[in-house]
Amino acid sequence: MSYKEFSPFRVQLLGLALGLVAVAGAARAGEIRDLRLVTAESSTQLVVELSGPAAHKLFTLGNPNRVVLDLAGTTLPARIALPPAVGIVTGVRAGKQPNNTVRLVFDMSKSVRPRVLESGPNGPYPFRLIVSLDGSGATTATTATNAAVAAGAAVATAPVVPHAIQPVHAPSESGRDIVIAVDAGHGGVDPGAIGPSKTREKDVVLQIAQALVAKINAEPGMRGVLTRDGDYFLELRDRMLRARRAKADMFVSIHADSIGNPSVSGSSVYVLSERGASSEAARWLAERENAADLKGGVSLEGRDKVLANVLLDLSQSASISQSMAAAEQVLRSLDGVGEVRKPRVQQAGFVVLKSPDIPSLLVETAYISNKADESKLRQPAHRARIADAIFGGIQDYFNDNAPDGTRLAAARRSRVADATSGGRL
Ligand SMILES: [Zn+2]
């Protein structure tokens with residue numbers, strides 16, 4: 001179907017004064033193979049599997065709130081069941097429109113700003129449309145994760161386990177806990193890399209992240225929070241936002257690497273590159289009226305561009321050097337567990353590392369594309385060793401660099417005081 005054939009339909013939509021969210025996709029007759037709703041916390045996604053690409057339109061209607069997905073040149077076979085209502089979706093209906101268009105209508109419990117991503121086909125995974133029905137509307141125009149989604153994916157069908165995000169330690173009079181945000185890479189429709197024995201990166205990194213948080217929470221004066229605690233998709237900037245909301249002192253993203261050469265193995269640790277930092281600074285400057293305050297309550301709002309730039313630059317370079325110091329400790333600690341791929345900390349422009357005021361690391365725990373590494377990643381004991389090693393590195397770093405106002409900083413001061421007075425007695 002050509003674009004031209006589509007235009008009367010568009011006019012019809014505009015005539016109804018709808019919020020037209022997306023018009024995309026090549027057209028060919030096809031059928032819907034599967035429909036699923038996947039939900040976790042604030043995030044609800046619709047996954048549509050299709051026999052091939054379909055021209056689609058996604059838009060919203062108010063009074064009552066609905067999300068509508070039209071799929072042109074498509075059929076909905078009778079054997080395909082509509083998914084039951086879940087999360088913010090209170091009802092699901094399907095109907096036929098002119099032009100062999102299937103219309104899917106989702107009744108929503110609130111007004112949302114949905115977005116659609118196309119994915120695949122890739123290997124065993126068919127062509128899919130993934131509609132993020134996420135009601136927060138907080139993130140817009142994030143395309144950084146599309147590549148990951150487009151890589152093809154198995155879809156989360158398992159129910160999500162309830163929250164692990166809770167403080168374990170009671171507030172202490174001698175200061176707050178150091179908060180570490182632990183980010184398990186990928187999730188939900190994005191499986192990450194897949195090993196030769198079909199081990200999915202998203203699964204093993206979640207298990208390592210959970211082990212790491214348990215370790216952190218067992219340490220007095222430290223608290224771990226997970227950005228995701230189940231098998232669901234999270235946008236990269238949402239991960240950063242969750243760390244910021246948790247007032248994290250450090251962000252650690254856990255991954256498993258993959259490469260064409262199956263003999264490559266070992267772990268690596270990354271921090272943000274200077275180039276990645278400057279592109280993020282440009283973004284914060286452009287949005288400085290809306291941007292969150294930097295750590296320590298430094299606001300960019302109302303600052304002139306030059307001053308805002310200086311503040312950001314100071315914050316970002318401090319963060320990178322702290323990230324580098326912590327990453328060196330983590331790398332040293334991982335060296336004790338097994339082979340380290342690269343003996344030095346690597347720098348790259350990974351989006352999740354771009355918080356200008358939270359020291360951030362990304363650990364590629366192993367090469368899942370390597371048979372031996374993959375088989376180790378499948379062993380709980382090995383995953384525990386990796387988690388212990390990452391924890392050891394973080395602990396070494398904070399023992400020397402405890403932020404002011406934390407229990408660890410207070411404990412350190414009192415140890416120094418004891419040592420001094422001990423000398424006089
Ligand atoms: Zn990854």
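Predicted model: local features only at pLDDT ≥ 70, side-chain atom pairs only at ≥ 80, totals over all residues.

Me: Why is Q45 called buried?

Reply: Buried means under 20% relative accessible area, exposed over 50%, and partly exposed in between (1.4 Å probe, protein chains only). Q45 has 4% relative accessibility, so Q45 counts as buried.

Me: Where does Q45 lie, and what is Q45 in contact with?

Reply: Q45 lies in strand β3, residues 43-50. A strand is a DSSP run of E, at least two residues; a helix is a run of H or I, at least four; both are numbered from the N terminus. Contact means heavy atoms within 4.5 Å. Leaving aside neighbours within four places in sequence, the contacts of Q45 include R36, V131 and F233.

Me: What makes N290 buried or exposed?

Reply: N290 has 66% relative accessibility, so N290 counts as exposed. N290 is found in the loop between α5 (274-286) and α6 (305-335).

Me: How does the reach of α3 compare with the span expected?

Reply: The expected span is 1.5 Å times one less than the number of residues. Helix α3 (residues 201-217) has 17 residues. From first C-alpha to last, α3 reaches 24 Å, close to the 24 Å expected.

Me: Which elements do the buried residues of α3 pack against?

Reply: Among them are β11 (178-184), β12 (222-226) and α8 (380-400). The buried residues of α3 include V204, L206 and L212.

Technical notes
Residues numbered from 1 in each chain as written. Heavy atoms only, no water.
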